[in-house]
Amino acid sequence: MKKISRRNFLLASGAVTIGAALAACGGSSASTSTASSAPASSAAASGTSAAGKVLNIWCWNDEFQSRFNDYYPEVSEIAADKSTTTLKDGTTVKWTINANENNNYQNKLDEALLSQDSAAGDDKIDIFLIEADYALKYVDSDYVLDVKADIGLTDSDLAGQYQYTKDIVTVDGSQRGTTWQATPGLFAYRRSIAKDVLGTDDPTEVQAHLSDWDKFNDVAAQASAKGYKMLSGFDDAYRTFSNNVAAPWVDGTTVTVDENIMKWVEQTKEYTDKGYNNKSSLWDSQWAADQGPTGKVFGFFYSTWGINFTLLGNSLETPVAEGGKEEVGNGIYGDYAVCEGPQPYYWGGTWICGAAGSDNIETIKDVMQKLTCDEAIMKQITMDTQDYTNNEKAMNEIANSDYSSAFLGGQNHIALFAEAATKIDMSNAGPYDQGLNESFQNAFKDYFTGNVDEDTAKANFETAIKEKYPELTDVVWPA
């Protein structure tokens, strides 16, 4: 398998300087911060013969930590501050959590992986988490173990998982990660607004009005006439367009801007000019408020995790942290529903990787087997949390049951996710996706707001990516 060199491994993120890369390669001392004091992985593909007493897990938030602590059967004790978890065999699980902002997680992980060879056994990274947008940067490198050849999972273990979740972390036939979740996307809409605009809140009937982009745009005009915004901001529909491109971003050293992404530019400019959105950006305060009790936005594109992790919380008048309950009567809980929307897409997903050089291969195997391959555990996670898990049989069982979500007005949204999951196509994913997608969105926000013209936005995009990825030499735009 073609591997990414140590130097290019860091450059692939576009965020770590050459100096930092050289320092790490030269074995300079690690940062003194707690978060980066546990060095990580190596280019060696095999662990030591003796099992380690510490299992080091690196991630960027507490999502996997909560899944591990709540559903891994070998958990015995959890520290009060959750910094460590003790397993039944006495192994200490040490959690190193570095937030994602400004590429912080990848930067610290990269430095640690480069020093894995020289790290003490119980300081080596054993497991680290990656996201879809930059998965190939890691799995197409020497720093990750093959889940079958190196770790020991079998085809039978992995048989129940959605194929795309395996494809995205597979290079030249070597699968180098596994996940407990699948992340198909849907369109989440306000039932009360749909009734006012369309005369119905029934998901099947609403879908008929939103089944392609022309119809979607017609509803945007109808919503505007009633005083509503169709979307919150510039980025909401982006992934629905970018997941339906004809080819990867990069071929060799050439970046090709897909025609479908330019359709997003055209639509977003029109929505901004006509007042069909609130000019928000993903994760900002306006975007969050638009999902809550005072919001007047028809709907939001969300994948599986977004429903229960983000949209639900934003819908509440009184947050759970302030004593509020997740129930009808608190804000607009119960006023959302979901439909397929104009195109199938996915958003996000988290994969578990075994780090090369780990001395805990058997424990890594058991974690992966229990938390990504065990049908009963996968089903229980979905029943408890509404998250959509990576077992097709279990999800189909829930889809065909009387399961319902009170948050979604009694809808069985798992049925729609189960249908959408089989349509996910990862064939156009690439190692530059995160950086190029973010740079593209950033460059065109000034165009949407009228600060620059379209040609200037294009030029700004080209400048940004050539600074971020000097090895990419050309940009081709649709004719």
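## Reading a loop threonine, a helix and a sheet

Author: Start with one side chain. In this predicted model, the Thr200 side chain comes within 3.1 Å of the backbone nitrogen of Asp202.

Reader: Where is Thr200 found?

Author: Look at the loop between α8 (191-198) and α9 (203-209).

Reader: Which side chain makes a polar contact with the side chain of Thr200?

Author: That of Glu205, at 3.2 Å.

Reader: Is Thr200 buried or exposed?

Author: The cut-off for buried is under 20% relative accessible area. Thr200 has 10% relative accessibility, so it counts as buried.

Reader: Which residues does Thr200 touch, not counting residues up to four places away in sequence?

Author: Ala194, Lys195, Glu205 and Val206.

Reader: Now a helix. How many residues of α4 are buried?

Author: Apply the burial cut-off residue by residue. In α4 (residues 104-114), eight of the 11 are buried, so the helix is largely enclosed by the rest of the structure. Among them are Tyr105, Asp110 and Leu114.

Reader: Next, the sheet. What is the order of its three strands?

Author: Read across the pairings. The order is β11-β8-β12, the pairing is antiparallel, and the sheet is open. β11 (299-303) and β12 (336-339) are the edge strands, each pairing on one side only. On average, neighbouring strands are turned by 35° against each other, direction ignored.

Reader: How many bridges pair β8 and β11?

Author: Five, with β8 covering residues 185-190. In one of them, Gly185 has Ser303 of β11 as its partner.

Reader: Which helix lies across β8, β11 and β12?

Author: α18 (residues 413-421), running at about 145° to β8.

How values were computed: Residues are numbered from 1 along each chain as its sequence is written. This is a predicted model: local features need pLDDT of at least 70, side-chain atom pairs count only at pLDDT 80 or more; totals for chains, interfaces and linings use all residues. Side-chain values use heavy atoms; hydrogens and water are left out. Helices (H or I, at least four residues) and strands (E, at least two) are DSSP runs, numbered from the N terminus. Buried means under 20% relative accessible area, exposed over 50%, partly exposed in between (1.4 Å probe, protein chains only). A polar contact is a pair of N or O atoms within 3.5 Å; within protein, one must be able to donate a hydrogen and the other to accept it, and residues adjacent in sequence count only if both atoms are side-chain atoms. Contact means heavy atoms within 4.5 Å. Two strands pair if DSSP finds at least two bridges between them. Axes are lines fitted to C-alpha atoms, for helices over the stretch in contact, and angles run from 0 to 180 degrees between N-to-C directions.
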